[in-house]
Amino acid sequence: MIGLGRFGKSLALELMDEGTEVLGIDADPKTVQSLAGRLTHVVEADSTNEEALRQLSVHEFSRAVVGIGSNLEASILTSSILVNFDIRNIWAKAISHSHARILTQLGVHHAVRPEHDMGKRVAHLVRGRMLDYIEFDDGYAIVKTTPPASILDIPLGESRVRSKYGVTIVGIKRKGEDFTHATPDTVVQDGDLVIVSGPEKGVEHFSELT
């Protein structure tokens, strides 16, 4: 994890909580000191210096995250070094669409915009009955929502959700029970929650049905 600001620190600590070993790198000694003992290893270093990263064996890692956002030059130079190291899976934080495009052109595998993505997600949740929302790069989305009245108390195979709305109900949760896989014989009841997948516009429309 290179760059231990709010995004990098949060992600690094979450990975540690899940049992993943994390090497944290930051140029700020105070930041490094604050995370001593909380990450597997945390060191002060200039991530734009290729030799410094080699001395830390960064080139031997299979996954790397660049959490640098506000310093565009450092973000781009660091990402370029990681790409040259031929690391198989590189994630990098971007603060704008153009920044993300540059990172992608460099060879970064995943350019993410945390604030932008969270803003879009919350907007979807505020606007309708969605309880959770995940959007993928190709316009495909998965949502957790309450079902519309039109599909209640009949088997999903008879409700023709896919042909009517272009979406698929893939899971269902009844009060007091765990999520289960939905089948054509599943009967959705009032009070259930459903997991719906499909094109972004389709799942948005489905979640707004009454």
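Student: In which strand does Y140 lie?

Tutor: This is a predicted model, in which local features need pLDDT of at least 70, side-chain atom pairs count only at pLDDT 80 or more, and totals for chains, interfaces and linings use all residues. Residues are numbered from 1 along each chain as its sequence is written, and side-chain values use heavy atoms, with hydrogens and water left out. Strands are DSSP runs of E with at least two residues, while helices are runs of H or I with at least four, numbered from the N terminus. The run of residues 140–145 holds Y140, and this is strand 7.

Student: Is Y140 buried, partly exposed or exposed?

Tutor: Buried means under 20% relative accessible area and exposed means over 50%, with partly exposed in between, using a 1.4 Å probe and protein chains only. Because its relative accessible area is 35%, Y140 is partly exposed.

Student: How is the pair of Y165 and F206 classed?

Tutor: Rings of Phe, Tyr and Trp (its six-membered ring) pair if their centres lie within 6.5 Å, and planes under 30 degrees apart count as stacked, over 60 as edge-to-face and the rest as tilted. The ring centres of Y165 and F206 are 5.6 Å apart and their planes stand at 65°, so the pair is edge-to-face.

Student: How many residues apart in sequence are the parts that this pair ties together?

Tutor: Y165 belongs to helix 8 (residues 161–165), whereas F206 belongs to helix 9 (residues 200–207). Y165 counts as buried at 19% relative accessibility, and F206 is buried at 0%.
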